[in-house]
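Visitor: I am new to this model and would be glad of a short tour. Please put it on the screen, and I shall ask as we go.

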Amino acid sequence: MRMAGDRGGGWYPLMLSADLEPGTVAGCILRGRELAVWRDGAGQAHVWDDRCPHRGMRLSLGFVREGTLACLYHGWRFGAGGRCVHIPAHPDLTPAATIRAAPLRAVERHGLVWTAPEDGESSAPQDDPAMDAVEWTPVRSLRIDAPWGNVATAIGMPDGCRVAVLDRDVAGPVLAAILPVDGTRCMLHLLAGGPADRGGDRGRLHDLADWAQDVCRRMEETA
Ligand code: FES
């Protein structure tokens with residue numbers, strides 16, 4: 001039974017917050033657009049285009065140092081707002097302000113890292129009382145080789161929704177969030193309502209993970 005959901009708006013759930021440790025960077029693809037998602041040492045999440053402004057290396061292959069994201073290739077470092085702050089080959093040079101990576105908006109909410117690639121979207125994703133009222137425990141993310149709309153239909157999301165709270169009866173509320181990777185692939189992120197440290201919930205989390213794996217298998221068999 002559906003509890004709540006919306007059409008997802010212009011905000012996209014990139015990954016589970018729990019999967020982005022401080023001081024790490026990961027790559028994501030949103031509708032074919034490659035993104036670098038990283039968390040600085042203070043815990044702030046950032047979403048940038050996955051392309052170094054120097055020679056185009058993927059920033060998601062780089063590393064996080066002292067609040068900056070450093071490119072793997074020549075070590076240029078990019079700080080707040082994407083601006084280049086250090087060029088190892090010219091350590092005494094102050095890089096021009098025009099040398100910068102391309103940041104997108106990044107917000108963490110409901111246990112997920114979100115981005116809105118288009119200007120003009122609301123300032124926060126998923127303003128939904130049904131989601132705000134629950135503490136969400138991450139379950140897992142799955143890559144599914146099937147179009148996101150097919151997956152949304154298969155798990156009972158309302159038409160056109162990428163994000164919804166599903167009531168799976170015995171399993172309790174489940175937050176399902178789908179990231180469209182491209183026309184044929186998506187990521188399904190799942191979170192369960194309730195804190196993780198209740199022993200009685202462990203079986204429920206396992207059941208939910210098994211259910212998601214089954215959804216994935218069925219979708220890929222029919223894709
Ligand atoms: S390509 Fe990134 S520093 Fe050169």
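Visitor: Let me start with glutamate 66: is it buried or exposed?
Guide: Glutamate 66 counts as exposed, at 74% relative accessibility. Exposed means over 50% relative accessible area, buried means under 20%, and partly exposed lies in between, with a 1.4 Å probe and protein chains only.

Visitor: What should I know about the model before we go on?
Guide: The model is predicted: local features need pLDDT of at least 70, side-chain atom pairs count only at pLDDT 80 or more, and totals for chains, interfaces and linings use all residues. Residues are numbered from 1 along each chain as its sequence is written, and side-chain values use heavy atoms, with hydrogens and water left out.

Visitor: Where does glutamate 66 sit?
Guide: Glutamate 66 is in the loop between β6 and β7 (68-70). Strands (E, at least two residues) and helices (H or I, at least four) are DSSP runs numbered from the N terminus.

Visitor: And what about its phi?
Guide: The phi of glutamate 66 is near 50°, a positive value in a residue other than glycine. Most residues other than glycine have a negative phi. Arginine 31 also has a positive phi, of about 50°, although it is not a glycine. Arginine 31 belongs to the loop between β3 (24-30) and β4 and is partly exposed, with a relative accessible area of 45%.

Visitor: Which residue does glutamate 66 meet in a salt bridge?
Guide: Its partner is arginine 77, at 3.2 Å from N to O. A salt bridge here is a side-chain nitrogen of Lys or Arg within 4 Å of a carboxyl oxygen of Asp or Glu. The pair links distant parts of the chain, 11 residues apart, with arginine 77 in strand β8 (residues 77-78) and glutamate 66 in its loop between β6 and β7.

Visitor: How many salt bridges does the structure hold?
Guide: There are 10 salt bridges. One of them joins arginine 185 to aspartate 182, with the closest N and O atoms 2.6 Å apart. Arginine 185 is partly exposed at 24%, and aspartate 182 is partly exposed at 25%.

Visitor: What about arginine 217?
Guide: Arginine 217 forms a salt bridge with glutamate 221, the closest N and O atoms being 3.3 Å apart. The two are four residues apart in helix α3 (residues 202-222), so about one helical turn separates them. Arginine 217 is partly exposed at 41%, whereas glutamate 221 counts as exposed at 56%. Salt bridges that share partners join Asp214, Arg217, Arg218 and Glu221 into one network.

Visitor: A change of topic, then. How many aromatic pairs are there?
Guide: Rings of Phe, Tyr and Trp (its six-membered ring) pair if their centres lie within 6.5 Å; planes under 30 degrees apart count as stacked, over 60 as edge-to-face, and the rest as tilted. By this rule the count is one aromatic pair. The ring centres of tryptophan 38 and tryptophan 48 are 5.2 Å apart and their planes lie at 80°, so the pair is edge-to-face. Tryptophan 38 is in strand β4 (residues 33-39) and tryptophan 48 in strand β5 (residues 45-49), so the pair ties together parts that are 10 residues apart in sequence.

Visitor: Are those two tryptophans buried or exposed?
Guide: Tryptophan 38 is buried at 1%, and tryptophan 48 is buried at 2%. Valine 37, also placed in strand β4, is buried with a relative accessible area of 0%.

Visitor: Finally, what is the overall make-up?
Guide: The protein has three helices and 15 strands, and 46% of its 223 residues count as buried.
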